[in-house]
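Please look over the sequence and the model below before reading on. The paragraphs after them take up a few places in turn.

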Amino acid sequence: MEKDKKEPSAENPYKLLDLKLTPVEKSAAGMHAVMAAMGDLIEEKTFFRGNHALLNMNQFKGFDCPSCAWPDPDDERSPVGEYCENGAKALAEEATTKRVTARFFKKNSVFDLAKLDDYQIGKFGRLTEPMYMPKGGTHYEPISWENAFKKIAEHLNALESPHQAAFYTSGRTSNEASFVYQLFAKEFGTNNMPDCSNMCHETSGSALRPTIGIGKGTVTLEDFYETDVIIDIGHNPGTNAPRMMSALSKGKRNGAMIIAINPLPEAGLLGFQDPQSIKGMIGGGVKLADLYLPVKINGDMALLKALEILLIDFEKKFPGQVFDQEFIKDKTTGYETFLKQFEHDDYNLDHLSELSGVSKEDILRAAEMIAFKKRIIFCWGMGLTQQPNGVAMIREILNILLLKGSIGKPGAGVCPVRGHSNVQGNRTMLIDEKPTEEQLDRLESYYGFSMPREHGYDVVRAIKAMHEGKLKFMFCMGGNFLSATPDTTYTANAVRKLDLLVCVSTKLNRSHLIHGNEALILPTYGRSDKDIVNGEVQIISTENSMGLYRLQRACWMRYPRT
């Protein structure tokens with residue numbers, strides 16, 4: 001049909017519904033969260049099948065949540081509510097019995113599918129067989145696995161240079177798959193390995209590695225239980241990492257004070273209703289945040305500088321009681337230069353308070369809470385990392401912790417809260433467009449083939465390279481590249497210039513509808529699916545946001561095939 005020859009819409013369509021203002025919520029989680037999780041299973045018509053999987057998710061002999069990277073507690077693990085609504089929704093969509101088959105694609109063109117919103121597209125069910133979009137086509141067609149692999153090989157072999165190919169990775173990929181994947185790309189001859197971390201915590205790694213030598217967090221879950229102060233900045237735990245609420249709650253019970261820094265108040269920090277206990281379900285919940293600082297958007301740096309001024313004043317009044325002078329002398333450099341900056345006229349409390357949007361009284365309260373404490377944890381999310389000056393702000397956080405000697409000690413350190421399941425593991429497994437010479441040397445000596453030394457494309461550079469015709473082929477190992485990247489329309493116009501786009505996926509998403517001259521969709525297992533090879537259930541591993549590894553043992557589910 002003529003309409004099917006038009007370009008499918010890259011943008012997610014929206015409708016303005018009955019919008020209205022309501023009072024700010026005073027609590028979060030509780031029975032409402034549990035019911036919402038159950039509702040997702042019912043919606044996918046997989047209540048019993050999915051509920052069985054939920055009871056295995058984040059358990060000792062189960063599998064980690066496919067949505068979240070928050071670590072699992074080692075001491076006590078509730079059989080109920082050891083997951084959040086986001087995790088339950090992700091699992092429900094894996095456990096669904098709904099299927100997207102060749103018949104579905106025959107009935108639906110990509111043009112018509114693109115008229116739907118992303119929520120509707122994701123609700124069609126599990127992909128069950130390889131599908132191929134021919135050049136000039138409007139509908140995906142079935143293709144055998146053998147011919148799909150031949151199609152990929154033809155395109156790779158036809159490239160003028162291995163650098164015309166890119167290999168994207170999402171956080172759904174296991175450590176084992178990530179390692180083999182990056183090795184394949186290197187043997188093919190390129191470091192073009194954009195991944196989802198380029199768009200979330202790349203800022204954290206860029207700030208942490210040159211400062212403390214490691215691009216990851218330095219705390220474990222147990223540190224939250226024995227710390228004195230937890231500062232959560234640019235992050236809404238109740239919304240973005242609900243399982244973190246249990247750790248905050250336990251730390252609070254053990255005497256920790258919590259400072260929340262964010263432009264908007266977070267209901268979960270105002271009243272946490274713990275779904276893992278009857279007591280937690282009753283009433284308005286536990287108030288977690290002792291102090292809430294409503295910083296202006298991008299006022300974080302001014303706030304951090306104001307805190308430093310006050311801490312310096314405290315140190316002058318109480319020498320050696322506020323700053324860890326021995327730690328500063330033995331473990332840091334540039335202390336005198338750091339102090340000298342505050343001689344500038346711009347560094348006065350009134351000016352910084354105005355820039356930050358936080359009153360001088362509240363900034364003083366925050367400074368008093370941390371001045372005489374050593375066990376301090378700073379947590380942050382993409383409220384910091386996705387600002388143009390995010391690297392500088394995270395380094396300022398490190399400055400405060402280094403002044404206090406609050407790095408590398410129990411109950412103290414940094415905690416960049418990773419939102420996506422195995423993003424941390426991908427980078428550890430060398431999914432990196434800028435591998436070090438040492439890493440490449442080790443791989444080369446072990447595997448015996450020459451490693452490409454030229455740095456590759458990250459996500460943004462890959463998109464620009466597509467526009468410029470420098471990238472002809474892209475392989476996406478999971479994820480939804482189109483919707484995850486900045487500037488959807490610009491990305492879509494770049495992807496359309498590819499010769500071949502390959503997507504490995506468990507379910508349909510908008511990236512399958514915006515494609516190159518040709519496209520392939522390859523179905524795969526989800527983390528909760530049993531992968532049985534020669535009669536043995538395969539075991540994979542992932543790395544959580546605190547750098548700890550976990551074996552994944554799937555429950556009994558096998559996703560339905562045609």
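This is a predicted model: local features need pLDDT of at least 70, side-chain atom pairs count only at pLDDT 80 or more; totals for chains, interfaces and linings use all residues.

Residues are numbered from 1 along each chain as its sequence is written, and side-chain values use heavy atoms, with hydrogens and water left out.

The protein chain has 26 helices and 19 strands. Helices (H or I, at least four residues) and strands (E, at least two) are DSSP runs, numbered from the N terminus. Of the 562 residues in the protein chain, 55% are buried. Buried means under 20% relative accessible area, exposed means over 50%, and partly exposed lies in between (1.4 Å probe, protein chains only). A contact means heavy atoms within 4.5 Å. Among contacts in the protein chain with a separation of 6 or more, 78% are between residues 24 or more positions apart.

Axes here are lines fitted to C-alpha atoms, for helices over the stretch in contact, and angles run from 0 to 180 degrees between N-to-C directions. Angles under 35 degrees count as roughly parallel, over 145 as roughly antiparallel, 65 to 115 as roughly perpendicular, and the rest as oblique. On the helix 9 side, the residues that meet helix 21 include Thr203, Ser206 and Ala207, and among their partners in helix 21 are Val391, Ile394 and Leu398. The residues of this contact between helix 9 and helix 21 divide into 8 nonpolar, 5 polar and 1 charged. In this count Ala, Val, Leu, Ile, Met, Phe, Trp, Tyr, Cys and Pro are nonpolar, Asp, Glu, Lys and Arg are charged, and the others, Gly among them, are polar.

Val391 lies in helix 21. Because its relative accessibility is 26%, Val391 counts as partly exposed. Leaving aside neighbours within four places in sequence, Val391 is in contact with Thr203, Ser206 and Ala207. Val391 and Ser206 are 185 residues apart in sequence, but their C-alpha atoms are 6.6 Å apart in space.

How do helix 8 and helix 23 cross, and at what angle? The axes of helix 8 and helix 23 (residues 437-447) come within 13 Å and cross at roughly 85°, so helix 8 is roughly perpendicular to helix 23. Phe179, Gln182, Leu183 and Lys186 in helix 8 meet Leu440, Leu443 and Tyr447 in helix 23. These residues divide into 5 nonpolar, 1 polar and 1 charged.

Thr190 sits in the loop between helix 8 (175-188) and helix 9. Is Thr190 buried or exposed? Its relative accessibility is 0%, so Thr190 counts as buried. The side chains of Thr190 and His163 are joined by a polar contact of 3.2 Å.

Two further loop residues have a positive phi. Leu430, in the loop between helix 22 (423-428) and helix 23, has a phi of about 75° although it is not a glycine. Leu430 counts as buried because its relative accessibility is 12%. Asn534, in the loop between strand 16 (532-533) and strand 17 (536-537), has a phi near 55°. Asn534 is exposed, with a relative accessible area of 78%.

Terms used
A polar contact is a pair of N or O atoms within 3.5 Å; within protein, one must be able to donate a hydrogen and the other to accept it, and residues adjacent in sequence count only if both atoms are side-chain atoms.
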